[in-house]
Amino acid sequence: MKSYFTYDLLIIGGGISACVFASKYLKNNITKKIALIEIGRGLGGRSSTRISKRFEGWKLNHGSPNFNISNSKNNLLLKTYIDELLENKFIKIDDSDIFFLNEDSNLKTQNNSEFSCGVNYLSLDSMSQFSQKIIESNNLKGKINFYFETLIVDMKFNDKEWVLTSKNGDKFKSKYLICATNLLLHKRSLKILNINQIPLRKAIPINYDKKIDMLLNFLEKQTFIPRLTFLIYTNKNYSYKDFYSKKQRYFYLKNKLEKKYRFERIIFQQQDNNKLGIVVHSKNIEFINSYLNSKDEEVFKQKIITNFNKLFDENSVVNKLTFDEKISIMKWRASQPSGIAVPLSLQVSRKYRIGFCGDWFEGDGFGRIEGSILSALILEKKFNDLIK
Ligand SMILES: Cc1cc2nc3c(=O)[nH]c(=O)nc-3n(C[C@H](O)[C@H](O)[C@H](O)COP(=O)(O)OP(=O)(O)OC[C@H]3O[C@@H](n4cnc5c(N)ncnc54)[C@H](O)[C@@H]3O)c2cc1C
């Protein structure tokens, strides 16, 4: 039998933007009944942690490993929030080594990547736990219900309420709705959800609300960067050549080197069990296609190790890998929005009692956690005005 659930507010998505929004909303609306719906098994979205069942004791941040805040406009809302996270000891300043590798040598310079400019922060736990802590800090009365492994495939609006339908047919109703993801607003949903109309467009037909039409027009032009992440569960005795003891260590490959080795960034992640995990990111399209077309995943994994060993041949701190290291591969169809960003002025439709947040909004945090956090903070302020 299918179930019906009714709330004051529903949030679709369990990434950082959803968690920041929910946390602030819970603080200011202690009597409201709210629910968060997420297709994944837990919180974090693209900033989450793989806790492997196969490889016990490993926690690898397989999306964003940390985050950087540039706050070039000196936004007070953002500054205050980051201070709050620091005060609560959810994050600390990330003073890990960052190496920028170029053709000739291992140059160590600072702050010249989109993911390292400004101040870098590290979650004191895993990235998934970071999202969880953000919500828990204001969920003191257990006001929020979580629906994990629940995929919303359809949305409807009648004058009274929003009605969402999940893939297994459950219905969720609410007066207010937050989309902390743009999947249901973007044409990629057609293929992913196997449907023939973008769900938000279906719920609000063209010419019913100018703002929604403009939002969908912007998103029509937004593209996404696919990425692969390779999670390397190193063998028992694998370690650095030196005595580095900080939690993470980053290696960024400059253009020519990225082309040659197909890697964008390599992050060493010290584990609680003292082992050293390695997460390698690639956004090289040929490499991604060669993975997708590979008939034998093992052969592809050997290629990863070969490239890694060539890259770090004679490196002063990194040891080579052996060919029996365990690797799992994560495919991000849409790791980051790219191209056109959506103006923040389109974040809320009063008429339809719906709001949007995420890294797909304009600003210098576009495509990054900074943008997700800032858009959620701004949305919460706008939404509080709406529900008064
Ligand atoms: C490999 C990789 C590396 C990155 N590196 C960095 C970095 O170094 N620094 C940085 O700042 N940023 C980085 N990013 C980007 C960063 O991870 C994102 O900007 C940020 O996590 C986005 O958060 P969000 O809440 O806006 O969206 P998301 O995390 O995408 O959250 C949206 C959530 O909604 C869920 N969802 C979507 N549709 C539905 C549906 N229909 N029903 C139910 N649930 C749904 C999704 O499962 C997801 O959990 C990286 C991303 C990736 C993938």
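I started with contacts in this predicted model. Among those between residues at least 6 apart in sequence, 72% join residues at least 24 apart.

Next I looked at the overall build. I find 10 helices and 20 strands in the protein. Its radius of gyration is 21 Å, close to the 21 Å from the globule rule for 388 residues, so I call the protein as compact as a globular protein of that length. Along the principal axes, the C-alpha atoms fill a box of roughly 65 × 45 × 40 Å. Buried residues account for 42% of the 388.

Then the cores. Which residues touch the most other members of the largest nonpolar core? I get L10, I11, F21, A22 and C179, out of 68 residues. Helix α1 (residues 16-28) supplies the largest share of this core, with 8 residues. Apart from that core I see another, of 26 residues, with W58, F251, F263 and F308 among them. In soluble globular proteins, nonpolar side chains tend to be buried together.

I also checked L10 by itself. Leaving out residues up to four places away in sequence, L10 touches A35, I37, W162, L164, F172, S174 and L177.

Last, the ligand. I count 38 residues around it, and G13, G15, G45, G358 and R368 come nearest. Elements giving two or more residues to this shell are α1, β14 (222-233), β18 (326-339) and α10 (369-387). By class, I note 15 nonpolar, 17 polar and 6 charged residues in the shell. Why do I place the ligand between domain 1 and domain 2? Because domain 1 (4-67 + 73-79 + 129-222 + 339-387) and domain 2 (96-116 + 225-335) both give residues to the shell around it.

Note on methods
Residues numbered from 1 in each chain as written. Predicted model: local features only at pLDDT ≥ 70, side-chain atom pairs only at ≥ 80, totals over all residues. Core = buried A, V, L, I, M, F, W, Y, C linked by C-beta atoms within 7 Å. Buried ≥ 20, exposed ≤ 12 C-beta atoms within 10 Å, placed from the backbone. Helix = DSSP H or I, 4+ residues; strand = E, 2+ residues; numbered from the N terminus. Contact = placed C-beta atoms within 7 Å. Near = placed C-beta within 6 Å. Nonpolar A, V, L, I, M, F, W, Y, C, P; charged D, E, K, R; others polar. Domains from an automatic or database assignment. Rg over C-alpha atoms; globule rule 2.2 N^0.38 Å.
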